[in-house]
Amino acid sequence: MHDSLHIAADRAALATAVADWLVARIAQGAGPTRIALSGGSTPRDLFEKLAASPYRDTIPWARVELFWGDERFVPADHPESNYGMARRTLLDHIAIPAANIHPIPTDGTPADAAARYEALLKRTYGAETLDPARPLFDVVFLGLGEDGHTASLIPGQAVLAERSAWVASVAQGRPEIRITLTYPALESCRAAAFLVAGRGKAAICRAVREGRADVPAAHLHPLGETLWFLDRAAAS
């Protein structure tokens, strides 16, 4: 993987480093900035940082569009909802237009929800087929599980072989059904940023970065740059 590595002293410093990077990234563009968010405790630290001054007041939220890389198939008010966590920690505290927030639907059937989200992404993108010269997202935030999963690209699941659909449901591999963007959609970005914290992630993080792991995260090949933001424990 061609990537860049950023190591912070601890989780708080990690959130600050990513927030600063994101502010600079948004400032570089004049048009809408499309960001795919992830769930988990490390993104929560980032969301809380962005919801406070100075970030809350300096980011031009009106030209930021938010999407999600994956979601548990649970209601938005469920404690495990990625969207619900983002709503509580970030969205309720910033001046972002409601029309710029695009959560993954979790009503109806999982297959129908995935199809509806894919249709939304295609309308946003303005085409039915992804063009390598024109990424879907400006930034995709990603986590890394100890089993090497990222988004809900879970080891051993059929979604890993999906190269046509942009969004898919994942019925196995976890206690709950999930909806996830597939490799083609996640890879269609100008920057993919992995946020990883904790000593428990150190071994898998090193193996993926060094190309020694046959896990889902190692098979993600973004169109643009890949950045690894780690705290010292994850980098150990």
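Helix α2 passes helix α4 in a right-handed crossing, the near helix being turned clockwise from the far one by less than a right angle. The model is predicted, with local features requiring pLDDT of at least 70 and side-chain atom pairs counted only at pLDDT 80 or more, whereas totals for chains, interfaces and linings use all residues. Residues are numbered from 1 along each chain as its sequence is written, and side-chain values use heavy atoms, without hydrogens and water. Helices (H or I, at least four residues) and strands (E, at least two) are DSSP runs numbered from the N terminus.

The axes of α2 and α4, lines fitted to C-alpha atoms over the stretch in contact with angles from 0 to 180 degrees between N-to-C directions, come within 9 Å and cross at roughly 30°. The two helices are therefore roughly parallel (under 35 degrees). Arg44, Phe47 and Glu48 of α2 meet Met85, Ala86 and Thr89 of α4, contact meaning heavy atoms within 4.5 Å.

Six of the eight residues of α4 (residues 82–89) are buried, that is, under 20% relative accessible area with a 1.4 Å probe and protein chains only. These are Asn82, Tyr83, Gly84, Met85, Ala86 and Thr89. Their cover includes α2 (41–50), β3 and β4 (70–72).

Strand β3 (residues 64–68) has five of its five residues buried, so the strand is largely enclosed by the rest of the structure. Val64, Leu66 and Trp68 point one way from β3, and Glu65 and Phe67 the other way. β3 pairs with β2 (residues 33–37) in the parallel sense over five bridges, where pairing requires at least two DSSP bridges. Within this pair, Ile35 stands opposite Leu66.

Note on methods:
Buried means under 20% relative accessible area, exposed over 50%, partly exposed in between (1.4 Å probe, protein chains only). Angles under 35 degrees count as roughly parallel, over 145 as roughly antiparallel, 65 to 115 as roughly perpendicular and the rest as oblique.
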